[in-house]
Amino acid sequence: MDFNNVEQGIIELIKKAETELPDDVIKSLKKAYNIETGIAKTQIKAILDNIELAKKSKRPMCQDTGIQTFFVDVGIDFPYIGNIETLIIEAVKKATKSIPLRPNTVDPFTLKNHNDNIGDFIPYITWSFTKGNNVQITALPKGGGSENMSKLGMLKPGVGIEGVKKFVVDEVINAAGNPCPPTVIGVGIGGGADLALKLGKKSLLRPIGIRHQVKEISLIEEELINKINESGIGPMGLGGKTTVLDVHIEIAHRHPASLPVGLIIQCWANRRAKIVISSEGEWRLK
Amino acid sequence: MEYKIHLPITEEKIKKLNVGDIIYLSGDIFTARDEAHHLMLIKDKNSIPFDPSKMALFHCGPLMKKVKDKWQVISAGPTTSSRMEIFEDKFIEKFGIKIIIGKGGMGNKTKNALKNNKAIYTAYTGGAGALAAEKIMNVISVLWLEKLGMPEAVWIFKIKDFGPLVVAMDSKGNSIYK
């Protein structure tokens, strides 16, 4: 296998994620542009102009190029499983210089920044294993402004699903203009504290407009979208109809005594890109 | 209303600007985030090698690239202003800040400082870093780069028709944020 070629593929993956948004995100922003007026419309216009310029000029759409975050689905028959992590780390280092990316990894104690977007646990990789001999990597660079608005609610089970809805709506309204609305909301319900947040983060991988396959959950997603958008916070918190582009819920079974809700907020720059690498080392971006 | 404004700005002009107005700014601006606010507040004012009162304060941690000894702006949108709330009233007071550019809005302490010092807070579209970089004509200088690193350093830029900036908090105590 030509590892240099695969590394180059992962650099291209990061570049695509940082400079182009998926079609579903652009489509939802264009829909927002059509329904907004006044200041809200000026904000969506700037966002759309920015997306176009970033794609054309191949530069990161936002100066906050995020914490490099990857979801890796490994086919168990892929022959070089042990090389994947190193390939990703080396690709991040090189991409930091070539794209470039802002150096965003700081040691919490010494405040040292090695200027390569590498650090303890970073890039942050989530592994899952599937059948087959391909590897699929999804890049989801996550900005700090929206991540700062994340919340964990360890609710009393007695408040029920109504309590969960109230928690989500209240917290998104509290976040106001800070996470760069219109945002995408990821909600993980159940599991434990860590799993609820993880499910919330993972739900961002679902394209905008795709509802949860369980009818009852999809109806709650729609209810939350409407309730949050009725708040009038609007694009950048300057007022308007579009505060969220979508709400995605994922669930896990919970302990009888716990009702964890992991709330993850993603800015309008819902950056994600995918690469599939074959067992021969051929790759294509999706 | 829409205005084109050249920096430095007079108090008279600041007073004419109201919440909801849109401005396009030209002149010199400097970036400052958490660390730069902290540093500039503890430093002696006379040791600051530029005059913040003649520029706009930009809440921004830009993505820069050095090409042959010359800095280029790659992407430079605003960062979340509310993080600077703990410093901003003192910062406005100490340096005579007239215009702030940020995103997401600020709190009551800043609102009062803007009113007392006849200054405004303007919002630039968060995340629109590529678009913002297009309006930055020149990198004049950078301060404390070694100490603070790229995102937190103070960058001084020359901008032209930088906007649209929404006047989100004016000099009369009004705010667009709920």
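Biologist: Which residues are buried in helix H7 of chain A?

Modeller: The model is a predicted one. Helix H7 of chain A covers residues 193-202. Its buried residues are A:Ala196, A:Leu199, A:Gly200 and A:Lys201.

Biologist: What covers the buried residues of H7(A)?

Modeller: The cover includes both strands and a helix of chain A. The helix is H5 (144-147). The strands are S1 (69-75), S5 (183-191), S6 (244-254) and S7 (259-266).

Biologist: How many residues of chain B are in contact with chain A, and what area do the two chains bury between them?

Modeller: On the side of chain A, 32 residues take part, and they meet 36 residues of chain B. Carbon and sulfur atoms account for 61% of the area buried between the chains. That area is about 2600 Å².

Biologist: Which residues form the salt bridge between chain B and chain A?

Modeller: The count between these chains is one salt bridge. The closest N and O atoms of the pair are 3.3 Å apart, which lies within the 4 Å cut-off. The partners are B:Glu134 and A:Arg59.

Biologist: Which element gives the most to the side of chain B that touches chain A?

Modeller: At least two residues each come from strand S4 (63-67), strand S5 (70-75), helix H5 (129-134) and strand S9 (154-169) of chain B. The largest contribution is five residues, and the element that supplies them is H5(B).

Biologist: How many nonpolar residues does the side of chain B that touches chain A have?

Modeller: Sorted by class, this side of chain B has six charged residues and eleven polar ones. The nonpolar residues number 19.

Biologist: Against which elements do the buried residues of helix H2 of chain B pack?

Modeller: Helix H2 of chain B spans residues 34-42, and its buried residues are B:Ala36, B:His37, B:Leu39 and B:Met40. These pack against elements of chain B. The elements are strand S2 (22-31), strand S3 (56-58), helix H3 (85-95), helix H6 (145-148) and S9.

Biologist: Why are B:Phe91 and B:Phe95 separated by about one helical turn?

Modeller: An α-helix has 3.6 residues a turn, so residues three or four places apart point the same way. B:Phe91 and B:Phe95 are separated by about one turn because they stand four residues apart in helix H3 of chain B.

Technical notes:
Residues are numbered from 1 along each chain as its sequence is written. Chains are lettered from A and ligands numbered from 1 in the order in which they are written. This is a predicted model: local features need pLDDT of at least 70, side-chain atom pairs count only at pLDDT 80 or more; totals for chains, interfaces and linings use all residues. Side-chain values use heavy atoms; hydrogens and water are left out. Buried means under 20% relative accessible area, exposed over 50%, partly exposed in between (1.4 Å probe, protein chains only). Contact means heavy atoms within 4.5 Å. Buried area is the accessible area (1.4 Å probe) that two parts lose on being put together, summed over both. A salt bridge is a side-chain nitrogen of Lys or Arg within 4 Å of a carboxyl oxygen of Asp or Glu. Ala, Val, Leu, Ile, Met, Phe, Trp, Tyr, Cys and Pro count as nonpolar, Asp, Glu, Lys and Arg as charged, and the others, Gly among them, as polar.
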